[in-house]
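I opened my notebook to jot down what I could look up here.

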Amino acid sequence: MTSSKHHSDEAEQPQTLYAKREKIYPRIVLGFFTRLKALSGFILLGIYYISPWIQWEGRQAVLFDLPARKFHLFGLTFWPQDFIYLTLLLMIAALALFFFTSLAGRLWCGFACPQTIWTDAFLWMERLLEGDRPKQMKLDRAPLSFRKFRIKATKHSLWVVFSLFTGFTFVGFFVPIHDLTQEVITFNLSGWETFWILFYAFAVYGNAGWMREQVCNYMCPYARFQSAMFDKDTMIIAYDEKRGEQRGSRKRDTDYKAQGLGDCINCTMCVQVCPTGIDIREGLQYQCISCSACVDACDDIMHKMNYPKGLICYTTENVLNGKPIHILRPRLFVYAGILLAVFIGISVAISTRSLVQLDVIRDRNSLFRETGKGLIENVYRLRVMNIDNQPHIYDVTALGIEGLQLFIDRQIEIEAGAVMTLPVRLAANPDLLTKRSTLVTFQLTARKNAAISITEEARFLGPIVRH
Ligand code: SF4
Ligand code: SF4
């Protein structure tokens, strides 16, 4: 009877399916890995913010010119038909992610992911204005006052300005950034430019300022499927339980082993510095982004206690279980082999890419016609695309039938990155045609650079041959 009453009381309790987020206040930490991470962030953010400003041969070095459907990357220009290179680049990125994840775990998450890098930048601004973890916690607990309002308002203003600059830089990869700057200064931004600057700024402000670890925990698919790339020889951040337990506080330089204690002094520094708020001593968790902050924090404690470093360290599951380290594994060679092959393939394809493109389109109005001189004439349209970074004059020839004559009305002179469509006529002696349809080859060559050349085949049609 008591039991059934207890159950009915439990059933009446409101159940919530949503756990309110506990704000995480990562404590600042200094050490080898955090310096490495700061350096990585500095370099990557530098590349992001500086590269749209770099000029190359008179125009923006990195520019996705969507209206013109061209992508400029330093001296190279890619067209929609070069989409294959983008596909290969994405393949390289995916394979590199597989390779590095198998080798070193979530290296990408901890040291290179934009979410991590921008969150670190926002954390840096937050610490600049609010101080480190204890001061931030105290400020958040304090009732609203002028001081609190001033600090919070300054922080959010700084975040908003940084986010808007980030959004502006993002759009600067698609619109020449000098023109964009002028448009901002003169309040002359177009509707879509304004939309994308605000949209990107809002995404950065929301993700790096507010959501932070929730993006990794709930939104990022990589956190879910990375376990498929893990094995027992993958490098992970782990706590050496055998060495650390029984954890407990103690005085420095005491014989803690005699008290049955391990090396972990239970200072919780590893938890306080963790940007995702987990306790690595509970074992490997999907929330761990391998940022190594806990490694540096614990090494610092070990140093202060005069204990050997490495209670939390980069290691492998096999090593933790007393097995030998086994870095070079078949799957790594497979990933590296495919990665190398695709990389060589794309390098060769780009370096041997023709800087002129040619389409030959037959005139659909007539199959062929007979000229006043008794020759058989076919009409084509040549579509020539100069994908070099300088203008060219091209010469065109046609081969495939003895005595084949080519007639063209104007010079093929095309500006860098431009396209020209022009008619050409081929004429052949009908006595020399052996078939009703003969394969002919157009060859187009830049007058001042014979290396820029392309051939394209077409069909020359004539009357039914009766020999
Ligand atoms: S930082 Fe090291 S010593 Fe301190 S609680 Fe974490 S594992 Fe234990
Ligand atoms: S457990 Fe350590 S490595 Fe993992 S996210 Fe937290 S601080 Fe970074």
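Ligand 2 shell: I sorted the residues around ligand 2 by class and got 11 nonpolar, 3 polar and no charged ones. For the classes, I count Ala, Val, Leu, Ile, Met, Phe, Trp, Tyr, Cys and Pro as nonpolar, Asp, Glu, Lys and Arg as charged, and the others, Gly among them, as polar. The shell has 14 residues, and Cys274, Ile280, Cys288, Cys291 and Cys294 come nearest. A residue is near a molecule or strand if its C-beta atom, placed from the backbone, lies within 6 Å of it.

Ground rules: this is a predicted model, where local features need pLDDT of at least 70 and side-chain atom pairs count only at pLDDT 80 or more, while totals for chains, interfaces and linings use all residues. Residues are numbered from 1 along each chain as its sequence is written, and chains are lettered from A and ligands numbered from 1 in the order in which they are written.

Ligand 1 shell: I found 16 residues around ligand 1, with Cys264, Cys267, Met269, Cys270 and Cys298 the closest. Two or more residues each come from α13 (269-272) and α14 (293-305). Helices (H or I, at least four residues) and strands (E, at least two) are DSSP runs, numbered from the N terminus. Which element gives the largest share of this shell? It is α14, with 3 residues. By class, I noted 11 nonpolar, 3 polar and 2 charged residues around ligand 1.

Helix pair: I looked at α2 (residues 32-50) against α5 (residues 114-130), and they pack at about 105° with axes 10 Å apart. Axes are lines fitted to C-alpha atoms, for helices over the stretch in contact, and angles run from 0 to 180 degrees between N-to-C directions. So α2 and α5 are roughly perpendicular to each other (angles of 65 to 115 degrees; under 35 is roughly parallel, over 145 roughly antiparallel, the rest oblique). Gly41, Leu44 and Leu45 of α2 meet Ile117, Asp120 and Ala121 of α5, where contact means C-beta atoms, placed from the backbone, within 7 Å.

Sheet: I traced an open sheet of 4 strands in the order β13-β11-β15-β16, paired antiparallel. Two strands pair if DSSP finds at least two bridges between them. β13 (412-414) and β16 (449-461) are the edge strands, each pairing on one side only. The twist averages 25° from one strand to the next. Inside, β11 (residues 392-399) and β15 (residues 437-446) pair over 6 bridges, and Tyr394 stands opposite Ala446 in β15.

Conventions: Two residues are in contact if their C-beta atoms, placed from the backbone, lie within 7 Å.
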